[in-house]
Amino acid sequence: MTANPERHEFQAEVKELLGLVVHSLYSNKDIFLRELVSNASDALDKLRFERITNAELGEGELHIRIDVDREKRTLSIIDNGIGMTRDEVVRNIGTIARSGTKEFLSALKTSERKEVPPELIGQFGVGFYSAFMVADKVELVTRRAGETGATAWESAGDGAYEIRDAERGTQGTTVTLHLKPADAEQGVHDYTRGEVIQEIVKRYSDFVGYPIRMKSWRKADAKDAPVLEDETLNSQKAIWDRPKSEVTEEEYNQFYQHISHDWSSPLRTIPVRMEGTLEAYALLYLPAKAPMDLYSPEMKRGLQLYVKRVFVMDECRDLMPQHLRFVRGVVDAHDLSLNVSREILQKDRQIQIIRKQLVKKVLSTLEDMRKGDAGEYQRFWGEFGPVLKEGLLAYDVDHKDRLLELLSARSSANPNEPTTLADYVSRMKEGQDAIYFLTGPTREAVAQSPLLEAFKAKGYEVLLFSDPIDELWLERAPRYKDKPLVSIGRGEVKLGSDEERKKEAESLEQKSKEYGDLLACLRVHLQDEVKEVRLSNRLTSSPVCLVADQHDLSPRVQKMLEQLGQEAPKTKRILEVNPAHPLFEKLQGIFRESKDDPRLELYSKLLLGQAHLAESGELPDPVAFSRALAEVMQLGAR
Ligand SMILES: Nc1ncnc2c1ncn2[C@@H]1O[C@H](COP(=O)(O)OP(=O)(O)OP(=O)(O)O)[C@@H](O)[C@H]1O
Ligand SMILES: [Mg+2]
């Protein structure tokens with residue numbers, strides 16, 4: 001040994017930490033390389049920064065090297081970055097400065113469980129010490145930029161380290177790992193193999209902003225002898241922190257394809273830059289087409305998370321809410337720990353701030369798109385509209401008003417031209433105090449529903465909804481600005497001025513008295529199927545329709561709940577009959593002649609069947625319906 005060797009005990013906390021690291025804290029041992037490369041990259045950042053004000057620090061190319069010695073079974077990570085003085089080595093490597101780690105250790109001590117609770121692991125970074133997961137001895141030689149002497153440090157991770165003066169040709173740091181034998185069961189791979197290193201670098205450090213080089217054997221030609229050549233392992237092509245003006249659309253699209261495995265081009269690219277209290281970059285994409293698994297619980301969703309260009313995790317769900325799960329992209333959060341775990345992310349304040357910003361940005365992009373290019377917005381809405389509506393259901397979404405603004409719906413005024421709530425409101429009739437809507441199983445069924453008749457006749461516009469999710473969010477009685485959204489398929493209809501309403505109610509009551517006995521007769525025949533038979537003021541040309549009682553679940557919500565295996569209260573609906581329809585006159589005639597005419601039962605079954613058909617094109621009991629129909633035809637033919 002050369003000058004001034006010293007033996008130091010590690011700080012008590014470091015000893016504990018090393019114990020944990022060596023006894024496999026992480027199942028994934030490969031991350032040691034990510035940690036060491038990230039330290040090298042940090043050191044290069046620091047030198048680059050110091051060079052701005054200190055010209056004496058030279059201007060040679062900044063890079064990272066990985067050297068492998070198969071015979072000695074060593075792996076070295078070498079950088080020409082800022083390096084450390086002897087004091088800095090003692091301070092940085094050998095003590096734990098970060099308070100999070102101390103807390104972690106004390107939490108661990110009070111924890112009764114033997115194994116490390118996973119939600120705790122992410123709270124601290126093992127950083128440099130992760131080298132001891134795969135090495136039984138680690139050496140470090142470092143020379144601070146601007147100084148001539150160097151320092152050597154070594155430890156077997158057993159509680160003490162040695163430090164002495166040394167020599168190093170240039171500034172920077174070399175970390176050499178004496179590798180443990182490979183052990184597939186323990187997740188320790190053979191890190192002396194070039195292809196193993198290559199793969200790990202590609203996975204975690206591809207976008208690190210400095211070249212990571214390794215010597216590899218190459219043949220220029222098949223007959224040539226192989227020669228050792230430098231190979232750069234990482235692409236360094238992080239495009240999220242480059243200014244938008246310097247990146248071409250082609251590059252953005254290629255990157256989208258790289259992360260999404262979707263070979264079409266995205267509908268929109270959204271670069272996001274956050275500076276100030278928190279530094280983060282993101283590159284988000286709105287895909288042009290919905291993925292196959294958009295509605296599957298197993299959908300691959302979430303953004304990729306990086307910390308200063310170092311890959312941390314895929315599918316980070318906490319960065320995007322469920323109803324924006326179609327957004328793809330990456331987030332590079334500069335102030336996060338590399339070792340952050342999924343459990344921690346959920347509660348991390350930074351992540352919450354970032355997520356909020358990203359949501360804002362996505363919504364404002366959609367707002368711009370809606371205002372700027374209606375065709376493009378409709379394409380987007382066709383693919384992802386129903387997913388966006390899920391946000392109207394969630395209790396914890398604070399931007400529901402913005403989602404309502406983004407809503408696009410068909411309208412009875414022109415079923416081919418989608419409209420927004422704002423546009424609907426601007427067209428509302430004088431005195432109209434609610435936004436009317438109708439839900440149904442298909443676009444055609446709602447557009448042709450008999451329930452629309454009176455509204456159309458009186459010039460009221462009705463929004464038409466046919467996505468399954470519509471049943472659910474509209475069930476929650478939403479409001480747009482100060483206007484409630486009111487279903488025209490439930491309760492009683494009250495249209496027009498107070499005067500008109502009063503008149504209509506009176507005339508309906510009058511007729512109900514007149515036809516009271518007939519209605520009672522129909523009620524008896526249909527008592528198993530409906531809860532009420534009454535006269536309608538919603539129909540102009542159809543004979544019958546079905547409506548829900550004011551507070552009952554809609555039949556399709558009921559069905560959905562059943563499909564989800566949930567107990568749903570069985571509610572019957574109300575059959576409304578159009579007193580102005582000739583069929584009703586006919587029934588009244590038969591009824592007057594004989595209350596027991598068998599046709600009365602048949603006709604009531606057929607009327608109910610018709611109401612079902614007009615609503616959804618489906619019958620609850622098609623066999624009974626066709627039997628009744630055949631009987632009526634026979635009666636008629638007699
Ligand atoms: N290659 C290097 N060059 C210069 N300094 C280094 C190098 N590697 C480690 N260090 C110093 O050692 C310290 C400890 O490294 P370690 O990886 O344990 O923690 P960190 O990098 O500060 O945090 P984290 O890795 O959790 O983000 C670093 O902060 C740095 O000061
Ligand atoms: Mg580190």
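Author: Helices here are DSSP runs of H or I with at least four residues, numbered from the N terminus, and the model in which they are counted is a predicted one.

Reader: What makes helix 19 stand out in the lining of the largest cavity?

Author: Helix 19, residues 582-593, gives the largest share of that lining, 3 residues. The whole lining consists of Pro543, Val544, Val577, Asn578, His581, Leu583, Phe584, Leu587 and Leu607.

Reader: Why is this space called a cavity, and how many cavities of 30 Å³ or more are there?

Author: The name applies because a cavity is a set of points where a 1.4 Å probe fits but cannot get out. The count comes to 1 cavity of 30 Å³ or more, and about 40 Å³ of space lies in the largest cavity.

Reader: How is the lining of the largest cavity divided by class?

Author: The lining has 7 nonpolar, 2 polar and no charged residues. Val, Leu, Phe and Pro count as nonpolar, while Asp, Glu, Lys and Arg count as charged.

Reader: Why is Arg73 called partly exposed?

Author: Arg73 has 25% relative accessibility, and buried means under 20% while exposed means over 50%, so Arg73 counts as partly exposed. Arg73 lies in the loop between strand 2 (64-69) and strand 3 (74-79), and its phi is near 55 degrees, a positive value in a residue other than glycine.

Key. Residues are numbered from 1 along each chain as its sequence is written. Chains are lettered from A and ligands numbered from 1 in the order in which they are written. This is a predicted model: local features need pLDDT of at least 70, side-chain atom pairs count only at pLDDT 80 or more; totals for chains, interfaces and linings use all residues. Side-chain values use heavy atoms; hydrogens and water are left out. On a 1 Å grid over the protein atoms alone, a cavity is a set of points where a 1.4 Å probe fits but cannot get out, and a pocket is an open set with protein on both sides within 12 Å along at least five of seven lines; lining residues have an atom within 4 Å of a point. Grid points are joined across faces, edges and corners, and a volume is the space filled by probe spheres set on the points. Helices (H or I, at least four residues) and strands (E, at least two) are DSSP runs, numbered from the N terminus. Buried means under 20% relative accessible area, exposed over 50%, partly exposed in between (1.4 Å probe, protein chains only).
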